[in-house]
Amino acid sequence: MQVTNTILMVRPVGFRMNEQTAVNNYFQEKMTVSNDEINAKAQKEFDDFVAKLRSHGVQVIVIDDTKEPDTPDSIFPNNWISFHNSGTICVYPMFAENRRNERREDIFDILEQEGFRIDNIVDYTAAEEEGVFLEGTGSILKDRVHQKAYCALSERANEELFIEFCEDFDCFPVIFTANQTVDGQRLPIYHTNVMMAMAETFAVICLDTIDDKKERKNVVEHLKKDGKEVIAITEAQMHAFAGNMLQVIGADDERFMVMSSQAYKSLRPDQMDAIIKHCEIIHSPLDVIETCGGGSARCMMAEVFLPKA
C-alpha cells in the first residue's frame, strides 16, 4: 500500500534552530525569542497536531525525546529511519553530526511492544565516515505500488547511495536535481519531500524547481504513466511548505492529506479542489516548527508500514 494508518512522531524537549543544518536548509530562519520559549511553542504545536490527527482516526505513536544528548531536530524522525511492510527497518546516514544522536534503538522495542514485527535492519550509517548521506524519506519519495523511488540530489542525498537503496529495496530510481533561489543563486533543495509529495492517486510537486527540462519531463512522464494526477505548486508555495504533505489513513479507511496551516492557506482554490477530489485535508498550525526547523508536517511523521506480529 502507498499509505498507512500508523505514524511515529517524536515530541521534542530541546527544539531550536539547528545551526548544523542551517548551512544547506535555506528554509530555516532565526526567531528573536529564547530557545526555551521556542521549544515550549513547538511542543504546543506538536501536541495540537497529534490531537488533530488522532481525532480523525490516525494512529499516532508518540515517542518522548530525551534532554541528553542534544537533538534539536528530533521532531523530524523520518530522516533517520523508515519502516517497511517486509518487516525491515532502514537506518540512514545524516549530514549534521548532532542529528546522528537522534538514532535510538529503544524505539525498535517500543514498536515491538505496540505489536509490530521487525525481521531485519538495513543500516547505511557507515557511509557517514565517507561524507556520504541519504536522509530517509526526506531524500526518498517512494511510489510503493509501482516500485519507484524519486530523489532530488543534494548534499543530503547521494546518488550512488540512493541507487544502492533502490537495488536493496527493488525500486526503479527516478533521479533529478531540484533548486531554489537563494541570494540570487540557484542552489539544491535540501530534501525531496519539501518540493514533492506522493499520494495514492496524485502527486503535489513544484516543477519550477527542476531547472533541467529533460529531468522535469522525465519526472512528469513517470507520474502520469503510473496514473497520478500532477498538481503543480509554485516556488513561493513551496516556501510555505505546500510540498511538504503526507497522505494517511484515518477512521473507516478514509484518506487524508496532511499539511500545515501555512501550506493550506497558500493553496489556490483550484489546487485545493484538485486535492479534495482525491481526499479530505487535515491542517494544523506549525509556524514555529517551520520557521526554526525548516521542515513541516510531512517531516514530523515517520510512516509505520511494519506487519503486525
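## Helix H2 and the glycine after it

Helix H2 is followed by Gly 115, a residue whose phi is positive, near 100°. Helices here are DSSP runs of H or I with at least four residues, strands are runs of E with at least two, and both are numbered from the N terminus. The model is predicted, so local features need pLDDT of at least 70 and side-chain atom pairs count only at pLDDT 80 or more, whereas totals for chains, interfaces and linings use all residues. Residues are numbered from 1 along each chain as its sequence is written, and side-chain values use heavy atoms, with hydrogens and water left out.

H2 covers residues 106–113, and its buried residues are Ile 107, Phe 108 and Leu 111 (buried means under 20% relative accessible area with a 1.4 Å probe, protein chains only). Seen down the axis of H2, these residues fall within an arc of 105°, so they line one face of the helix; the arc is that of the directions from the helix axis to the C-beta atoms. They pack against strands E1 (6–11), E2 (59–64), E3 (81–83), E4 (88–91) and E5 (120–123). Contact means heavy atoms within 4.5 Å.

## The nonpolar cores

A nonpolar core is a set of buried Ala, Val, Leu, Ile, Met, Phe, Trp, Tyr and Cys residues joined through side-chain atoms within 4.5 Å. The largest one has 40 residues, and those with the most contacts inside it are Met 195, Met 257 and Ile 275. Among the elements that give two or more residues to this core are strand E12 (202–205), strand E15 (255–260) and helix H8 (269–276). E12 provides the largest share, four residues.

Leaving aside its neighbours within four places in sequence, Met 257 is in contact with residues including Phe 202, Val 204, Ile 275 and Ile 282. A second, separate core has 26 residues, including Ala 42, Phe 46, Leu 286 and Val 288.

## The sheet E14-E15-E16

Three strands form an open sheet in the order E14-E15-E16, with mixed pairing; two strands pair if DSSP finds at least two bridges between them. The edge strands, E14 (246–249) and E16 (280–284), each pair on one side only. The twist averages 35° from one strand to the next.

E15 and E16 pair in the parallel sense over five bridges, and Val 258 has Ile 282 in E16 as its bridge partner. H8 packs on the sheet, touching E15 and E16, and its direction makes about 120° with that of E16. Axes are lines fitted to C-alpha atoms, for helices over the stretch in contact, and angles run from 0 to 180 degrees between N-to-C directions.

Key:
Buried means under 20% relative accessible area, exposed over 50%, partly exposed in between (1.4 Å probe, protein chains only).
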